[in-house]
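This report describes selected helices and a chain contact. The sequence and structure come first.

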Number of protein chains: 2
Amino acid sequence: MSGKTVKVGLVGFGTIGCGVAKLILEEADFIEARTGLRLELSRVIDTDTRSPRPVKLPDGLLTDDIGRLLSDQSIQIGVELIGGTDAAKDIQLRLLQAGKDVVTANKALLAKHGNELYEAAHQNGRCIAFEASCAGGIPIISAIRTGLVANNITAMYGIVNGTCNYILSNMTSQGQDFSEALAQAQQKGYAETNPSLDINGEDSAHKLAILTSIAFGYQIALEDIYIEGIERVSKDDIRFGAEMGYYLKLLAIGEKDEQNRVSLRVHPSFIAKDSALARVAGPFNAISIFGSAVGQVIFYGRGAGMMPTASAVVADIIDVALGNSATSFKHLYLKPRSEVESRIVKIDDCVSRFYIRLMVKDQPGVFAQIGKIVAENAISISGVLQHEGAGPGNTVPVVITTHPNKQCKVTAALKSLDELDTVCSKPVCIRIVDVPEDKE
Amino acid sequence: MSGKTVKVGLVGFGTIGCGVAKLILEEADFIEARTGLRLELSRVIDTDTRSPRPVKLPDGLLTDDIGRLLSDQSIQIGVELIGGTDAAKDIQLRLLQAGKDVVTANKALLAKHGNELYEAAHQNGRCIAFEASCAGGIPIISAIRTGLVANNITAMYGIVNGTCNYILSNMTSQGQDFSEALAQAQQKGYAETNPSLDINGEDSAHKLAILTSIAFGYQIALEDIYIEGIERVSKDDIRFGAEMGYYLKLLAIGEKDEQNRVSLRVHPSFIAKDSALARVAGPFNAISIFGSAVGQVIFYGRGAGMMPTASAVVADIIDVALGNSATSFKHLYLKPRSEVESRIVKIDDCVSRFYIRLMVKDQPGVFAQIGKIVAENAISISGVLQHEGAGPGNTVPVVITTHPNKQCKVTAALKSLDELDTVCSKPVCIRIVDVPEDKE
């Protein structure tokens with residue numbers, strides 16, 4: 001069986017680019033047997049053409065001149081893997097204008113400029129495939145767009161940043177503090193030298209924007225998403241939470257209610273220890289999705305890394321080459337911003353349970369003061385944890401957990417609590433998320 | 001936006017058929033918005049045209065005359081949902097000959113006659129789509145065939161029968177014996193009145209045959225699969241296993257080694273309590289897959305039921321209508337039986353760890369007798385559990401766990417143990433499966 005040859009050009013020869021080149025070069029026979037397509041790596045573009053890489057390209061393939069890719073009419077697919085937003089956007093637009101379909105893993109770019117790029121693709125009669133942009137090798141985008149296509153998706157709860165999950169897992173299991181856990185993640189290659197995009201929650205928000213766009217069928221903008229990172233998480237709160245039955249995870253949450261209002265947020269979340277997502281440890285990702293027909297489905301795997309991400313990129317290349325991506329991309333209709341904006345639930349209106357930790361002076365009357373403020377804001381308490389302290393005059397942690405309350409009420413109460421003389425440091429507030437689980 | 005109309009004929013108006021009809025009738029607008037396709041239910045065939053159903057069809061749609069579907073050239077897709085093998089095979093062949101693509105949830109039929117049906121489809125230039133045949137609403141077939149297409153899949157471990165998992169979960173968590181747990185499963189609708197196909201492991205084997213065919217690219221026959229059901233599982237063994245750190249699951253296992261030899265088996269399996277599959281409780285399914293690039297991925301959800309299965313059927317209808325199924329079906333190349341047979345590892349040659357329970361007379365010398373037989377068969381023991389018994393003359397359970405050993409050696413040892421006068425009943429033997437898990 002001699003397959004149809006599909007010529008591929010790669011822009012960006014970093015870690016993922018090397019993984020993609022490796023898969024195409026080493027597995028061409030295997031892929032041809034399975035798909036009837038002969039993938040051919042025809043051009044690799046990178047500004048750095050000299051550094052050694054873990055994969056050996058055929059001579060003459062690597063160049064810093066993107067013109068040699070753009071002008072080569074025989075190359076059908078351009079794979080953009082340089083990351084970032086400005087140069088990458090320009091490259092994707094030029095690839096589309098040159099009549100090439102685009103495959104990308106660039107979540108930041110799609111989260112920020114996806115709608116513009118999708119429009120450009122439609123205008124050029126091309127498609128953009130982006131399975132690798134979310135959750136690495138887990139075929140989550142294809143699942144939402146094809147396997148679950150008959151479902152009205154009402155909610156998703158994802159652990160979509162392996163760096164944060166690795167850090168929080170180690171803080172939980174080994175009692176490390178944040179800086180220790182971050183250093184270990186960096187040493188193991190699970191965190192970048194500059195980890196801010198991961199730990200501040202932005203990376204998770206990029207993925208949430210992409211996933212909820214296609215799941216809910218809305219043009220989602222990054223500013224629709226409330227974002228809180230894990231930088232200020234203390235091991236004390238992780239320990240107190242664990243005592244109360246919770247593990248801390250950075251969750252990306254998208255919920256759609258019956259009026260089609262959408263709540264989108266990324267924040268540290270205490271979730272029940274025995275829930276499926278609580279057990280996702282280390283650098284792994286998992287996404288729990290609720291569909292109207294299918295109920296709950298969970299997808300689990302490696303959300304990053306050279307070969308898992310390359311697996312998704314090459315799957316997209318094949319899907320594009322077979323023509324399947326074009327068909328589904330043609331129907332990527334997202335309700336425009338003008339219709340969406342009014343449906344976004346502001347964080348102040350979000351209802352959640354809360355974990356609140358106060359450092360208070362161990363003296364008579366403190367509980368009464370706290371109770372009064374909580375009652376004045378009509379917040380209902382579900383639990384209190386106070387260990388015996390060192391005695392009068394010392395500072396002790398008091399943890400309060402609440403029943404579901406609107407964020408704005410809790411924010412007001414926190415402000416009043418912070419103003420109390422007996423509250424010695426800024427109150428800590430972490431949301432408790434009762435991640436739904438399908439039972440029998 | 002007015003979409004392309006796709007006419008669908010349904011054969012089989014039972015539980016799943018009603019779910020499919022409901023989704024098509026009620027969600028046509030939603031599906032059209034997402035896919036550009038207007039699904040139209042044009043004909044429903046069932047021998048029973050009178051019983052009330054939970055979905056109301058437009059007048060005149062339901063008939064017992066399949067000729068009215070076969071002869072209607074405007075109907076592009078025939079959905080076979082009658083189950084069973086003989087009549088269903090005939091119907092699928094007639095649908096294909098009438099120029100219709102086929103969508104089916106019929107795992108028994110595909111496991112037994114899939115190769116013949118695929119061949120008939122190829123000859124008629126049609127395709128067969130069968131996402132709903134395995135693991136209900138979990139899009140596992142699409143994941144293997146598209147999302148993971150660039151991976152050499154080396155192993156899969158699945159909980160693919162919700163009935164068995166529900167029974168074993170209840171035996172574990174509530175200490176029920178098998179018949180109690182089965183009765184409860186029947187009462188809750190998780191087991192059929194005649195549950196034999198589920199509990200004897202055959203249903204799991206059907207799914208394993210389909211999943212490993214497409215994952216490994218081989219024509220797999222049912223006789224390649226070693227099958228053991230859960231009918232003889234006792235709550236005592238579940239309790240002893242739990243004491244030793246294991247939960248009992250009915251696993252469907254497909255493993256491919258570096259020489260492309262394949263081991264296929266369905267049997268009760270003790271797996272470590274803290275493994276991901278051990279935590280899959282109740283009627284849920286989960287499948288853990290290992291791919292050369294992606295590493296471990298796990299898919300979890302409802303493996304059966306009206307709407308989850310209908311979700312997969314309708315996803316397939318859409319995939320067929322968009323033309324995507326045809327493309328991938330064209331390349332469904334499975335190595336023929338002549339090349340496959342010699343690669344199937346016989347159960348006697350399979351290496352596993354084992355849990356062996358003996359009911360022995362509580363008298364001096366018994367341990368020496370057991371130890372001698374075990375040593376003669378060169379079986380290495382990893383653990384022994386014997387609780388204090390009622391005293392000399394009584395019967396006590398002795399549990400032995402082994403390191404990895406070839407099945408044939410263990411079979412021989414069991415035979416000798418069974419012949420001992422001091423062993424009072426047939427030895428119980430359950431495999432311990434060290435399900436691999438990707439760690440950091």
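In helix α8 (residues 178-187) of chain A, the buried residues are A:Ala181, A:Leu182 and A:Ala185. Seen down the axis of α8(A), these buried residues fall within an arc of 100 degrees, so they line one face of the helix. The face turned away from that buried side carries the exposed residues A:Ser179 and A:Gln187. A residue is buried if 20 or more other C-beta atoms lie within 10 Å of its own, exposed if 12 or fewer and partly exposed in between, with C-beta atoms placed from the backbone. The arc is that of the directions from the helix axis to the C-beta atoms. Helices (H or I, at least four residues) and strands (E, at least two) are DSSP runs, numbered from the N terminus.

This is a predicted model, in which local features need pLDDT of at least 70 and side-chain atom pairs count only at pLDDT 80 or more, while totals for chains, interfaces and linings use all residues. Residues are numbered from 1 along each chain as its sequence is written, and chains are lettered from A and ligands numbered from 1 in the order in which they are written.

Helix α5 (residues 107-123) of chain B bends by about 85 degrees at B:His113, the bend being the angle between axes fitted to the seven residues ending there and the seven starting there. Among the buried residues of α5(B) are B:Leu109, B:Leu110 and B:Leu117.

Glycines with positive phi follow both helices:

| Helix | Residue just after | Phi |
|---|---|---|
| α8(A) | A:Gly189 | about 85 degrees |
| α5(B) | B:Gly125 | about 65 degrees |

β12(A) and strand β12 (residues 295-302) of chain B pair in the antiparallel sense over 3 bridges; pairing requires at least two DSSP bridges. There, A:Phe299 stands opposite B:Phe299.
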